[in-house]
Amino acid sequence: MIDATVVGSGPNGLAAAVTLARAGLEVVLVERASTVGGGLRTAELTLPGFRHDVCSAVHPAALASPFFRAFGLTERVPFVIPSASYAHPLDHGVAGIAWHDLERTVADLGRDGNAWRSLFGPLVDHIESVTDFTGSQLLRIPPHPLDALAFGLRVLEQGTPAWNERFRERIAPAMLSGVSAHAVVSQPSLAAAGTGLLLGAHAHAAGWGFPVGGSQSIADALADDLVAHGGRIVLDTDVASPADLEPSRVTMLDTSPAFLARFGGDRLPAGYRHALQRFPRGGGVAKVDYALSAPVPWTNPDVALAPTVHLGGSRGAIARSEREVARGRIPSSPFVLVTQPSILDDTRAPLGKHTLWAYMHVPAGSIYDPTEAITRQLERVAPGFRDTVLASATMTARDVEANNPNDVGGEIMGGTVSVYRLLRRPVLSPTPWATPVDGLYLCSASTPPGPSVQGMNGWYAARLAAHTHFGIDVSLDDLRPDANRGDSH
């Protein structure tokens with residue numbers, strides 16, 4: 001019998017596998033696809049030589065994550081840290097730019113500059129404690145309560161109808177709504193505000209970096225470390241039940257709660273299984289990848305400096321779009337999240353050519369083709385964009401799920417993002433990664449601390465399993481590239 005099996009090779013499955021292998025355990029990682037990575041995969045989706053991120057693309061959470069900092073991610077994978085973390089173009093050539101340099105952003109925002117500084121400055125100054133608070137299970141006393149309080153008060157402000165009180169002009173609130181829309185929930189809301197404030201603080205702290213060569217580089221670095229510490233990786237293997245796996249003392253699932261319910265079956269208590277089956281999912285995404293003959297012809301040239309761009313207009317327009325999705329409708333003027341990595345990473349496209357990644361929010365399970373809607377939004381702020389398109393590849397929300405079954409209905413957040421659901425993820429428990437079945441754990445984004453490429457979900461689950469079943473206490477120090485634990489069990 002092997003020590004541990006991990007099902008699913010997304011960032012959390014890989015993090016769990018690496019943690020257990022470094023503890024001296026025999027680990028097998030099983031993946032249904034032909035490559036590791038889950039939401040970290042990079043592939044030629046349009047034309048030869050054009051490398052597109054299949055799901056996640058830009059990684060502020062990875063740069064800030066305690067797991068990835070201990071793992072030495074930036075020592076293993078070269079990262080691009082852009083001078084402009086994100087851009088928010090409006091009509092008539094106007095654009096808000098969130099520069100990596102907070103003071104440069106403040107200077108550009110005119111009358112709202114001081115308001116931006118007072119909102120983000122304290123969070124940036126204490127980014128490690130803010131990251132610790134938001135990147136852990138919320139059912140605990142934060143180690144830095146004043147920093148947690150400062151974050152919480154700002155969430156209350158920006159998550160309620162008071163969200164415009166500090167601003168006088170339109171660019172700053174539009175920028176904040178754009179970054180908050182990453183949560184795929186209605187605005188204003190506490191969940192959207194928390195997401196926007198955390199990501200916005202990262203924009204001025206470590207920056208919104210992305211790995212050279214695409215997100216696959218992160219997955220490959222984790223997989224290489226797993227193999228280097230004795231782990232095995234089994235690809236092209238579909239798992240439906242324990243019978244599909246080698247016997248093991250511990251099984252870690254980097255999967256949806258619905259899969260856990262099927263996998264555990266009658267071994268799970270009826271009430272727990274019912275909670276998994278009823279675990280709510282949020283809105284979906286529909287995505288288009290473009291191969292371009294030239295850079296996007298943005299009306300405002302500063303937008304070309306930001307690998308991440310938010311389209312959707314004013315704060316009010318974005319709020320209307322997100323409400324339409326929440327009501328099960330296709331938005332008439334959608335919020336669109338764009339990344340243009342090839343402007344700073346020449347490995348992503350042939351010389352002189354470019355890749356563009358874009359998605360819009362849609363109701364979960366939708367079969368709506370987003371190509372025209374996204375292209376139209378791009379044309380509004382980059383006239384002539386259509387003429388640069390060599391080819392495109394589209395995924396509806398239903399296609400997103402077919403590509404990765406964890407993204408149920410095309411929902412990529414691991415479940416609805418709300419304060420309640422960050423506490424009850426998937427159930428309310430001091431150890432939500434453990435299930436009622438001895439040795440069976442859930443380690444996906446459907447557990448605390450929730451979505452994003454941070455690896456902490458897998459780390460927490462693996463730490464708990466190592467202690468409970470093997471009597472091994474692991475620490476983040478064990479992840480250092482030069483660490484040599486050498487435990488036996």
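I looked up Arg386 and found it partly exposed, with a relative accessible area of 39%. My cut-offs are under 20% relative accessible area for buried, over 50% for exposed and partly exposed in between, with a 1.4 Å probe and protein chains only. The model is predicted: local features need pLDDT of at least 70, side-chain atom pairs count only at pLDDT 80 or more, and totals for chains, interfaces and linings use all residues. Residues are numbered from 1 along each chain as its sequence is written, and side-chain values use heavy atoms, without hydrogens and water.

**Arg386 and its partner**

I then checked what Arg386 pairs with. Its side chain meets that of Glu372 in a salt bridge, 2.6 Å from N to O. I count a salt bridge when a side-chain nitrogen of Lys or Arg is within 4 Å of a carboxyl oxygen of Asp or Glu. Arg386 sits in helix H16 (residues 385–388) and Glu372 in helix H15, 14 residues apart. Helices are DSSP runs of H or I with at least four residues, strands are runs of E with at least two, and both are numbered from the N terminus. Glu372 counts as partly exposed at 39% relative accessibility.

**Other salt bridges**

I searched the whole structure and noted 13 salt bridges. One of them joins Arg348 to Asp53, with the closest N and O atoms 3.1 Å apart. Arg348 lies in the loop between strand S13 (336–339) and strand S14 (354–362), and Asp53 in strand S4 (residues 52–53), so the pair ties together parts 295 residues apart in sequence. Are these two buried or exposed? Both Arg348 and Asp53 are buried. For Arg348 the relative accessible area is 1%.

I listed the contacts of Arg348, leaving aside neighbours within four places in sequence; among them are Thr42, Phe50, His52, Gly213, Pro341 and Thr355. Contact here means heavy atoms within 4.5 Å.

Next I took Asp91 and Arg380, whose side chains meet in a salt bridge of 3.4 Å, N to O. Asp91 is in the loop between strand S6 (84–89) and strand S7 (95–99), and Arg380 is in helix H15 (residues 371–381), so this pair ties together parts 289 residues apart in sequence. Asp91 is partly exposed at 32% relative accessible area. Arg380 is partly exposed at 41%.

I also noted a network of salt bridges linking Arg22, Arg76 and Asp225.

**H1 against H11**

I looked at helix H1 (residues 11–22) and helix H11 (residues 216–228). Their axes come within 9 Å and cross at roughly 25 degrees. Axes are lines fitted to C-alpha atoms, over the stretch in contact for helices, and angles run from 0 to 180 degrees between N-to-C directions. H1 and H11 are therefore roughly parallel, the class for angles under 35 degrees; over 145 is roughly antiparallel, 65 to 115 roughly perpendicular and the rest oblique.

The contact uses residues including Leu14, Val18 and Arg22 of H1 and Leu222, Asp225 and Leu226 of H11.

**H12**

Last, I checked helix H12 (residues 257–264). Six of its eight residues are buried. They are Pro257, Phe259, Leu260, Ala261, Phe263 and Gly264. These buried residues pack against strand S10 (248–253), helix H13 (270–277) and strand S16 (440–442). Gly265 follows H12, and its phi is positive, near 55 degrees.
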